[in-house]
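This report is written for a reader who is new to the structure shown below. It begins with a pair of residues and then widens to the strands and helices around them.

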Amino acid sequence: MRRTTFILALLVIVGCGRKSETMSPAAPAKPVQDLSNAKTNIVAPLSVTPGKTCKHTTEIEVTEIVGQPMKFEESKKSECKLVAAADNKTFFVFDIKDGAKPFDSMTKGKSFEPLTGVGDKAAVDATAGTVVAVKGTHTYVGTFAPSKDKSIALAQKIVPRL
């Protein structure tokens, strides 16, 4: 019994000798941003609000294909336009139209060549870097003027999302 009393007294003495630590309420946790797929070369913050057509791609995705930083730019309400951050003469613009009729009117009698692997049917104008493709009930019209190959690569990313 004495031994138990001695141990309890010792614990009380040790406990009283410590400085009391006050607990401050925890700061609200900030939400964690998922950056698992982000690239390290992030483009500058958006300076414009892209239209609803732009929901089919991102600045980072276009930057990866084009090979230089691209940013959204104000454009017509129905189209989406991205411009190179360093050179506004390098740009990618696309639009999505309802129905398949725009495909026929745009490609008939012009220098478009058939293109496979993009949508239900597609054609490319190598000179202008324009791709016209039909996917379901939508027609995609996209131009990346400096490069036919990059214009096709952009269409291959965007058209399946229509």
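## A bridge between two strands

Asp98 has His138 of strand 7 as its bridge partner. Strand 3 (residues 91-98) and strand 7 (residues 138-144) pair in the antiparallel sense over seven bridges, where pairing requires that DSSP finds at least two bridges between two strands. Strands (E, at least two residues) and helices (H or I, at least four) are DSSP runs, numbered from the N terminus.

The model is a predicted one, in which local features need pLDDT of at least 70 and side-chain atom pairs count only at pLDDT 80 or more, while totals for chains, interfaces and linings use all residues. Residues are numbered from 1 along each chain as its sequence is written, and side-chain values use heavy atoms, with hydrogens and water left out.

Seven strands form an open sheet in the order 1-2-3-7-6-5-4, with antiparallel pairing. Strand 1 (70-73) and strand 4 (113-115) each have a single partner strand and stand at the edges, so one side of each is left without a neighbour in the sheet.

## The helices

Helix 2 lies across strand 1, strand 2 (79-84), strand 3 and strand 7, contact meaning heavy atoms within 4.5 Å.

The axes of helix 2 (residues 59-66) and helix 4 (residues 148-158) come within 9 Å and cross at roughly 145°, with axes fitted to C-alpha atoms, for helices over the stretch in contact, and angles running from 0 to 180 degrees between N-to-C directions. Glu61, Val62, Ile65 and Val66 of helix 2 make this contact with Lys150, Ala153, Leu154 and Lys157 of helix 4.
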